[in-house]
Amino acid sequence: MKHLLSVEDLGADGIEEVMRLTDSFVEVSGRAIPKVPTLRGRTVVSLFYEESTRTRLSFETAAKRLSADTMNFSIATSSVKKGESLRDTVQTIDAMGVDAIIVRHASAGVPWQVASWVDASVINAGDGWHEHPTQALLDCYTIRERVSSLAGLRIAIVGDVKHSRVARSDVLAFTALGADVTLVAPPTLLPPSLAGWPVEVSHDVDDVLPKADVVYLLRMQRERQTEALLPSLREYTARFGLTRERARLLADDALVMHPGPMNRGVEIAAEVADLPRSVITRQVANGVAVRMAVLFLLLGAGRR
Ligand code: CP
């Protein structure tokens, strides 16, 4: 495999391979010196046209733990500010002989365009509302860490599905591994068509929560909401937020997940995010080992 653009590039077998590789990189990450020479001499570039804390830093950490050289491209101090096009920018970076370009962009499809322009491997770190494959992989790994298999697991994805690239990649990954997914949202926060999505839909979170093994809260993506989709955030929280009272509906062993960054007090109550059943910081920790696995898969021994 040369690029990771969509969860569909992997399929169930590919996801399982990433999970197996991640086990070994979790072990590396637990060492006193968490570093291996696997990607020595390789160069990995982060090209983020959108803000990020988790994804950018965890890819950088992952590349460094594999001994790759890393370059961080800052839009604010680059020639993008002088009007350089995306194509000229990525071809300039590629001409320096880099091995992988990690791309985040506000427009869906940009990582596919970049992959068609460069020799380097391309990893989609989030394209618009479309996909965020490494988030889905770290989510699968985090669930498996607690329950060993996703087969038959009932996963409720709650919130702003319409604007969520995480929801799209998670649905693909969770269902590929055999989970049953229910999307829970007001009609205005669901995509106009769910044709082809292998999911059930509910508008009643109180009905879904007692049956869920995992409840996955989505961030309310106000920066992508160009029209009034909700009467108010307060009303959204009252009807769909995982409040302290609502969290009591969950089964004793049900997990709470969120991709971050959280809007505490909107989609998730501050104290619920910190409950023992919340694995949100495990998701972040596992993200480093999962991204080591992805970099190894694309650039490891003899790949280029
Ligand atoms: N989950 C996620 O993609 O977070 P960042 O936007 O901080 O990278």
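User: Where in the chain is the place of Ser67?

Analyst: Ser67 sits in the loop between helix H2 (54-65) and E2. Helices here are DSSP runs of H or I with at least four residues, strands are E runs with at least two, and both are numbered from the N terminus. This is a predicted model, where local features need pLDDT of at least 70, side-chain atom pairs count only at pLDDT 80 or more, and totals for chains, interfaces and linings use all residues. Residues are numbered from 1 along each chain as its sequence is written, and side-chain values use heavy atoms, with hydrogens and water left out.

User: What makes the phi of Ser67 worth a remark?

Analyst: Most residues other than glycine have a negative phi, and most peptide bonds are trans. Ser67 has a positive phi, near 70°, and is not a glycine. Ser148 does likewise, with phi near 70°, in the loop between helix H5 (133-147) and E5.

User: Is Ser67 buried or exposed, and how do you know? What about Ser148?

Analyst: Buried means under 20% relative accessible area, exposed over 50%, and partly exposed is in between (1.4 Å probe, protein chains only). Ser67 comes in at 16%, so it counts as buried. Ser148 has 55%, so it counts as exposed.

User: What is the peptide bond from Gly260 to Pro261, cis or trans, and how do you know?

Analyst: Cis, with omega near -10°. Pro261 belongs to the loop between strand E9 (255-257) and helix H10 (270-273).

User: Which residues are around the ligand, and what makes them count?

Analyst: A residue is near a molecule or strand if one of its heavy atoms lies within 4 Å of it. The set is Ser52, Thr53, Arg54, Thr55, Arg104, His132, Gln135, Pro259 and Gly260.

User: Why is strand E4 called largely enclosed?

Analyst: Of its 7 residues (121-127), 7 are buried, so the rest of the structure largely encloses E4. As for neighbours, strand E3 (residues 100-105) pairs with E4 in the parallel sense over 5 bridges, and DSSP needs at least two bridges for a pair. His105 has Asp127 of E4 as its bridge partner.

User: What handedness does the crossover from E3 to E4 have?

Analyst: The path runs from E3 through helix H4 (residues 110-117) to E4, and this β-α-β crossover is right-handed. The term means that, with the strands pointing away from the viewer, the path from the first strand over the helix to the second runs clockwise.

User: How do you know which residues of H3 are buried, and where do they point?

Analyst: In helix H3 (residues 86-95), Leu86, Thr89, Val90, Ile93 and Asp94 are buried. Down the axis of H3 they fall within an arc of 130°, so they line one face of the helix. That arc is taken over the directions from the helix axis to the C-beta atoms. Strand E1 (43-48), strand E2 (69-73), E3 and H4 are what they pack against, where contact means heavy atoms within 4.5 Å. Gly97 follows H3 with a positive phi near 85°.

User: Why do the buried residues of H8 line one face?

Analyst: Tyr236, Thr237 and Phe240 are the buried ones in H8 (residues 233-240). Their arc is within 100°, so they line one face of the helix. On the other side, Arg234 and Ala238 are exposed. Cover for the buried residues includes strand E5 (154-158), strand E6 (180-184), helix H7 (205-208) and helix H9 (244-247).

User: What makes Met257 count as buried?

Analyst: Its relative accessibility is 0%, so Met257 is buried. It lies in strand E9 and touches residues including Asp139, Val214, Tyr216 and Gln283.

Notes:
Lists of a residue's contacts leave out its neighbours within four places in sequence.
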